[in-house]
Amino acid sequence: MDLIILNRYVDFLITPDLQFDFKAKRSTNVCTMVLKEAIDYYTSNCTSVFCTLLDATKAFDGVNCCKVFRLLTKRDLCPTVLCLLLNMYTRQVTRVSWNGMFSLPFTVSNGVKQGGVLSPILFCVYIDRLLHLLAESGIGCFVGRVFVGALVYADDIVLLSPTASGMRTLLHVCDVFANDFSVVFNAA
């Protein structure tokens, strides 16, 4: 079912170029290259660059299903597909197997399905909101008019700013997003 939805509705699930995960012809190498080029752009123009690396703890488990479905609604995804996905995610029941014994079934109310084909894409849609907020802040690094102040690969985020105060602003945007979207950034 995930593959059918993904193939049929790919245009509604596209995320910005600053997300390098789960896309054809994209990799950590491409993300690293963009990071290096952005830093080189600033340093070659004798400008400082402040860099902060963020890692979301148990990111897939923390996805708030209500919020991800609101985000999908704003993308004008087919209402029938939305209802189907909503049913699949809000009526999830699972059991734990340990030492040949099974727990009683219980509902799963948050997170995306582990191992689900569509799950990484839904997570990208979820984090896409953060990228929009960061870009809309007008703070951070730009190469020409292109915002490169935040690069994302799965649950790893790199923030870039030419000033320390700009970095504090970007971190504040991340903090507000984290509180609103139930994302926990690993302080360790």
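Residues 24 or more positions apart account for 69% of this chain's contacts with a separation of 6 or more, a contact being heavy atoms within 4.5 Å. The model is predicted: local features need pLDDT of at least 70, side-chain atom pairs count only at pLDDT 80 or more, and totals for chains, interfaces and linings use all residues. Residues are numbered from 1 along each chain as its sequence is written, and side-chain values use heavy atoms, with hydrogens and water left out.

**Overall build and confidence**

- The chain holds six helices and nine strands. Both are DSSP runs numbered from the N terminus: helices are H or I with at least four residues, strands are E with at least two.
- Along the principal axes, the C-alpha atoms fill a box of roughly 60 × 35 × 30 Å.
- Of the 188 residues in the chain, 39% are buried. Buried means under 20% relative accessible area, exposed over 50%, and partly exposed in between (1.4 Å probe, protein chains only).
- Mean pLDDT for the chain is 85, and 93% of the residues score at least 70. pLDDT is the predictor's confidence in each residue, from 0 to 100.
- Among the elements, helix α6 (residues 164–181) has the highest mean pLDDT, 95. Strand β5 (residues 106–107) has the lowest, 79.

**Helix α3 and its two partners**

- Two packed helices are described by the angle between their axes and the distance between the axes. Axes are lines fitted to C-alpha atoms, for helices over the stretch in contact, and angles run from 0 to 180 degrees between N-to-C directions.
- Helix α3 (residues 65–74) packs against helix α5 (residues 119–136) at about 80°, with the axes 10 Å apart. Helix α3 is therefore roughly perpendicular to α5, the term for angles of 65 to 115 degrees; under 35 is roughly parallel, over 145 roughly antiparallel, and the rest oblique.
- Lys67, Val68, Leu71 and Leu72 of α3 meet Leu122, Val125, Tyr126 and Arg129 of α5. By class, this contact has six nonpolar, no polar and two charged residues.
- Ala, Val, Leu, Ile, Met, Phe, Trp, Tyr, Cys and Pro count as nonpolar; Asp, Glu, Lys and Arg count as charged; the others, Gly among them, count as polar.
- The axes of α3 and α4 cross at roughly 170° and come within 11 Å. That makes the two helices roughly antiparallel.
- On the α3 side, this contact uses Cys65, Phe69, Leu72 and Thr73; on the α4 side, Leu82, Leu85, Leu86 and Tyr89. The α3–α4 contact has seven nonpolar, one polar and no charged residues.

**Ser161 at the end of β9**

- Ser161 sits in strand β9 (residues 156–161). Ser161 counts as buried because its relative accessibility is 1%.
- A polar atom of the Ser161 side chain lies 2.9 Å from the backbone oxygen of Thr163. The Ser161 side chain also reaches the backbone nitrogen of Met167, at 3.3 Å.
- Leaving aside residues up to four places away in sequence, Ser161 touches Ser48, Val49, Phe50, Gly140, Cys141, Gly166, Met167 and Leu170.

**Positive phi in two loops**

- Most residues other than glycine have a negative phi.
- Asp76 is not a glycine, yet has a positive phi of about 60°. Asp76 lies in the loop between α3 and α4 (79–90), and counts as exposed because its relative accessibility is 59%.
- Asn99, also not a glycine, has a positive phi of about 60°. Asn99 is in the loop between β3 (97–98) and β4 (101–102), and at 69% relative accessibility it counts as exposed.

Key. Polar contact = N/O pair within 3.5 Å; in protein donor to acceptor, adjacent residues only side chain to side chain.
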